[in-house]
Amino acid sequence: MKKALAILLSLALLLGLAGSAFAEDDWITLRVETYDREIAGLDVTNCWQLHYAQEHFGDPNHIKLEFVSYARWTEGDLLTVALAGGTAPDICLTYNGGLVQQAIDDEGIWQLDDLLNEYGPNLKAFLGEELLGYGQSDHDGDGVKEQWYIPARRISRANVGNFIREDWLKALNMEKPTNIEEFTKYLRDAKAANLGGTTTTPFAFGIYAPDPLYNVRRFTDAWVDFSQVSEEDWFAYARNPEMLPGSKEGFRWLNTLYHEGIIPDTFALTDNDQANDTALIMGYNGFFSQQPDQPWRTDKNYEIEMEKNVEGAHWVTVNPFKNESLGGKTLHDIYAPAGLSIIIPLTTDEKTAIAAIKYMDWMAQPENMFMMQNGLEGINYTGLTEDGIPYGVKSADDVPNENKMHAGDICFISNGLCYGDDAKNNAALALPFAGYEDDVVASYEDALTDAWTQISFTVSIQAETDFGATVKSAQGKFLADVVSADPEKFDEVYDAGLQDILNSGAQQMIDEFRQAYKDGNYRGVYPGNL
Amino acid sequence: MSGETRVKKPRGLSWIRRDWRLYVMLILPVAFYLIFCYKPMLGLMIAFQKFNMFKGMWGSKFIGLENFRFVMNMPDFPVALRNTLFLNLMGLIAGFPVPIVLAIMLNELHSVPFKKVSQTLLYLPHFLSWIIIGGMVLQIFSPSTGIINATLLKWGWIDKGIPFLTDGPHWQFTYTLVGVWQSMGWGTILYLSAITGINMELFEAAKIDGANKMQQIWHVTLPGIRPTIVVLLILNVGQMMNISFDRPYVLGNPMVQNYCDVLSTFVYRAGITNSQFARATAIGLFQSVVGMILITGANLITRKLGEEGIW
């Protein structure tokens, strides 16, 4: 009986397919950009999530879903080319804010207000008005902001993770440092005792070439004298933390550490990559600063890899960067609530654009999002906690190929796993890291202490388009120069470096940022208001 | 002569009828050049436009030389230009004679197996990607942990690491040295084939006249490969404005920014990373025009000196 039914159903399906071939205009194809992270065994253009969405959203709506794969780390370049060539997918995702701005300026994408209002009630509810505001700007100059892109909702906004070696603290008979003085003593004592062997360089430090001061300001902002920094200045110097009054002493501190051998003398040669990773897992370092969950991430697991090499080694979070001018606050920058940007190019016709919004609206409904992010019980995870959060999440290797998935990339309206409210979402953050839950929770707590939201602007900043990259390269040179400068010539090198940065286009950027602030076209938090 | 009357001047399309097979065969390479080399040149016009990627090169606004003016006024431009010329000049001075000497040395080798092994080892670096070479350079030249500095420090010959990679002039030296090492073997190929083309009787005559090895090299081998040397020199001079992206990008670092930033890395930064394609194109066009002038000039001078140029 069952068999007969199955045959009947497949026949119906076949006939249905044949029927659709005849009535072609009834069905439309929706092409959706999908990141490819080259996870072994996962074909993102033919994955479980696609089949699930096709079955539950596509088929009932007569929409054929097609996932178009773009390599994650070159997505911006690939999408630029596709947009320029008119071959971009109907739903485009990107982390490249400059590209989105360009698309708005060049008028190459759909204005989404009407579409969202009519077809995206669930999507709008999921994202919320404040977040949607990130995707709005006044392009035609009529004083009313239009919706140009849909910002994905960032679930966890923590960005800063500072980690120190618990086993080194024990060896030095020290408590966890709570201010810069104690922290510096820890670094010096660790170096003196050669706790990581002859190649001990306690402070893992490198230059992140795409944005050299992005990570360094985590340290130097502790020296900024906020009595001299107005809210306006804070936004004007959005990309120039080295210009903030007081930060000079922070760079001098780094310079001292360099000359004491605490920062490796190769810091400017390796671009935050392999050599630094090796030093970390070989146990040469006593401190590093990356993402709040970095030691336990599956791709670069500094904790487990290091434990294999060094008996008893253990990373724990540390929070010493107190700013005295703010009464001892330990500043941590956090991401804006907006994650990646979603745009619909004008090459997509109206019918397909409507389908695109409908697809995201479907995705925004809690039960659908849960499936798209977590997959199937027993296959992708072991079971559910009382709160309805999956536990025993399987790593990609332990899931059969046909069930492999990537939650964030394919359920792209949510950057991070979403279970309804903040409490559940935060509890879920530590769940994938069995055995280290307490460490992860503590790290996130530190990362959200005295947190200020990163700065962004709601108007196109022409100077940043023109000079952003050259300013960053000048900042890279500046950082290399001041950290390695002869201590006696430090002031000279520092001043000359600042001038170079200003000349490379920073002055124009600062002026334009200042204007944008005065016009109210900014987002973010001034630490003086915390 | 009787043959003369038989040669008819081609009349009408008879030449096609006679050699049509050859012309058919020519279609493919000609089409290749038209499609992949000439058609893309149309895109050069975006150098004179405020390029809008959605409107494309036919719909964007013409703004004259504005892109050129903008790029050339950036403070990094003169630095990048100077470094490009300097590093290329150093590469030419240090790198051009080496393959010639090497080719002559290889040619004098009698043991065939030894010659083959040497050649293979010499060619090998050419096939390594600059990313890999960059890793090797780091291992060898790092400030205190590189093989050279670590060894010298251990022996007590120096008390401070030599800043091969972290000091400007030292870096220029390292850059040039690594470049010569990477390309010298490959460069010998053309010279070796040129040497093979020299008439053996000349060597025998020289021997009979009592010329020793050095004299044979000086009076027979070198004049024999002179046309090859000249052609390669002209081509190299024409490349003075062009510099690869990967080599300076991989070997460079922020500490020597003022020495390692060249036009290609500058274009990448100021043009590609911010999707400023029109500006990147403007620099590319500028490089090509200067390259054209240089190569024409070099060719002219060579011809004045009585050598055969490349055209």
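**View 1. Strands β6(A) and β13(A) pair in the antiparallel sense.** Three bridges join strand β6 (residues 150–154) of chain A to strand β13 (residues 338–343) of chain A. The model shown here and in the other views is predicted. A:Ile150 stands opposite A:Ile342 in β13(A). The two strands belong to an open sheet of four strands. The order is β3-β13-β6-β16 (chain A), and the pairing is mixed. At the edges stand β3 (92–94) and β16 (414–415) of chain A. Each of these edge strands has a single partner strand, so one side of each is left without a neighbour in the sheet. Strands of a sheet pair through backbone hydrogen bonds, either parallel or antiparallel.

**View 2. A parallel pair is linked by a helix in chain A.** Strand β1 (residues 28–36) of chain A runs parallel to strand β2 (residues 63–71) of chain A. Nine bridges join these strands. A:Leu30 stands opposite A:Leu65 in β2(A). To get from β1(A) to β2(A), the chain passes through helix α2 (residues 48–61) of chain A. This β-α-β crossover is right-handed.

View 3. Strand β7 (residues 161–165) of chain A pairs with β9(A) over three bridges. Here A:Ile164 stands opposite A:Val316 in β9(A).

**View 4. Helices α18(A) and α19(A) pack against each other.** Two packed helices are described by the angle between their axes and the distance between the axes. For helix α18 (residues 422–430) of chain A and α19(A), the angle is about 130 degrees and the axes are 8 Å apart. These helices are therefore oblique to each other. A:Asn426, A:Leu429 and A:Ala430 make the contact from α18(A). From α19(A) come A:Glu437, A:Val440, A:Val441 and A:Tyr444. The residues of this contact of α18(A) with α19(A) divide into five nonpolar, one polar and one charged.

**View 5. Helices α20(A) and α21(A) pack with their axes 7 Å apart.** Their packing angle is about 170 degrees. The two helices are therefore roughly antiparallel to each other. The residues of α20(A) in this contact include A:Phe467, A:Val471, A:Ala474 and A:Phe478. Among the residues they meet in α21(A) are A:Phe490, A:Tyr494, A:Ile501 and A:Met509. By class, the contact of α20(A) with α21(A) has 12 nonpolar, seven polar and five charged residues.

**View 6. Chain A touches chain B.** The contact takes 26 residues from chain A and 22 residues from chain B. Four helices of chain A each supply at least two residues of the side that touches chain B: α3 (75–85), α4 (97–105), α20 (462–484) and α21 (490–518). The largest share of this side of chain A, 10 residues, comes from α20(A). The residues of the side of chain A that touches chain B divide into nine nonpolar, 13 polar and four charged.

**View 7. Domain 1 and domain 2 of chain A are in contact.** The domain assignment gives domain 1 (26–155 + 337–418) and domain 2 (161–331 + 452–529). The centres of the two domains, taken over C-alpha atoms, are separated by 33 Å. Six residues of domain 1 of chain A are in contact with six residues of domain 2 of chain A. On the side of domain 1 that touches domain 2, the largest share, three residues, comes from α4(A). This side of domain 1 has one nonpolar, four polar and one charged residue.

Notes. Residues numbered from 1 in each chain as written. Chains lettered and ligands numbered in written order. Predicted model: local features only at pLDDT ≥ 70, side-chain atom pairs only at ≥ 80, totals over all residues. Contact = placed C-beta atoms within 7 Å. Nonpolar A, V, L, I, M, F, W, Y, C, P; charged D, E, K, R; others polar. Pairing = 2+ DSSP bridges. Axes fitted to C-alpha atoms, helices over the stretch in contact; angles between N-to-C directions. Parallel < 35°, antiparallel > 145°, perpendicular 65-115°, else oblique. Domains from an automatic or database assignment. Right-handed = clockwise from strand over helix to strand, strands pointing away.
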